[in-house]
Amino acid sequence: MTRKLIVAAYLAAILLACTARTTTKRVIKQANKSAKTSETLKQPAVYLPTDSLLATAILKEMKSRRRKLNQQEIILAIARKFIGTPYVANTLEKNKDEKLVVNLRGMDCTTYLETVLALARCVMLHQYTFQDYLTTLRRLRYRQGRISYINRLHYYQWWLDDNRQMGLVAQIESPNPPFTAIQTIKINYMSQNPQLYAMLKGQPERIQAIRQLENASAGLRERYIPTDELGDTPLLRSTIHNGDIIALVTTKPNLDTTHLGLAVWHADGLHLLNASSLRRNGRQVLEPRETLQAYLQAHPSNPGIRVARLTEPN
């Protein structure tokens, strides 16, 4: 291929990605504008006293330790507070209408990640009340912090894009290597399988709104680190930090990722703090003994990882 053709192909790829992101922003704006129903009004949080007591206790403890810890250490300290917490799926799907659900007694990989990051963000901002935590959790979980089922950031791509726009998270996609692979986004699992989602059953308007948002994300191209680049090297240790957000890329149709967790370095390499649904892990939050590379090598449907980082407040 000639140099001119290479340049032309590169520019075409950039144009395609920019067009996809512009379309996404337009569809999101239309969805927010047209969704002025009772579902989008401010909803109360749903939680038990044990949830508020635990969140408050963690914030109180971290307040006393704040000056001695950097952001990476704060994230890991909070993340490890939940080791042993049972894995529980679908904790956000228990209400007829969307509400801000807080459940620190049982978590899936997404709610575990959101819980840890919301608490850590509060500590970094010197905000230590339960209401502060609720506000931060809402901003992390919902598009522009607006509570509705449509605005819940169901896919990792949506979660990342919105939280980047809100200034809460930064995507890590360099250097190359180790970010040698590219994922082209195609996500429409929810609209194609509404029977699997309690809050989509019998809700054609919601399904259509979800489908529009899914289609708007099509064609985005995102860099990731393939499994064979996840060995314990100085380069990888300088690229991925303790407490970074790790998303497992998937080859499964119509999805972008299938699991989330937090990076933690051990002497033998990179590990993943996560809420695991696996029986062999006890179906709980854990800090596994096996490296992330070893796990991925045994799961070829996850060919690598995407990386993001909680931003430090100014």
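Reader: How many aromatic pairs does the count come to?
Author: In this predicted model, the count comes to 5 aromatic pairs. One of them joins Y47 and F130, whose ring centres are 4.8 Å apart with the planes at 70°, so the pair is edge-to-face.

Reader: Buried or partly exposed, what are Y47 and F130?
Author: Y47 has 37% relative accessibility and therefore counts as partly exposed, whereas F130, with a relative accessible area of 12%, is buried.

Reader: And what about F82 and Y112?
Author: F82 and Y112 form an edge-to-face aromatic pair, 6.5 Å centre to centre with 80° between the planes. F82 is buried at a relative accessible area of 1%, and Y112 counts as buried at 0%.

Reader: Switching topic, what is the volume of the largest pocket?
Author: The largest pocket holds about 1,400 Å³ of space. It is lined by 48 residues, of which Y87, D108, C109, T110 and T258 are the closest to its centre.

Reader: How does that lining divide into nonpolar, polar and charged residues?
Author: The lining of the largest pocket divides into 21 nonpolar, 18 polar and 9 charged residues.

Reader: Last one: which residues does S301 contact, beyond its neighbours in sequence?
Author: Leaving aside neighbours within four places in sequence, S301 is in contact with V249, T250, T251 and K252. S301 and T250 are 51 residues apart in sequence, yet their C-alpha atoms are 5.6 Å apart in space.

Notes:
Residues are numbered from 1 along each chain as its sequence is written. This is a predicted model: local features need pLDDT of at least 70, side-chain atom pairs count only at pLDDT 80 or more; totals for chains, interfaces and linings use all residues. Side-chain values use heavy atoms; hydrogens and water are left out. Contact means heavy atoms within 4.5 Å. On a 1 Å grid over the protein atoms alone, a cavity is a set of points where a 1.4 Å probe fits but cannot get out, and a pocket is an open set with protein on both sides within 12 Å along at least five of seven lines; lining residues have an atom within 4 Å of a point. Grid points are joined across faces, edges and corners, and a volume is the space filled by probe spheres set on the points. Ala, Val, Leu, Ile, Met, Phe, Trp, Tyr, Cys and Pro count as nonpolar, Asp, Glu, Lys and Arg as charged, and the others, Gly among them, as polar. Rings of Phe, Tyr and Trp (its six-membered ring) pair if their centres lie within 6.5 Å; planes under 30 degrees apart count as stacked, over 60 as edge-to-face and the rest as tilted. Buried means under 20% relative accessible area, exposed over 50%, partly exposed in between (1.4 Å probe, protein chains only).
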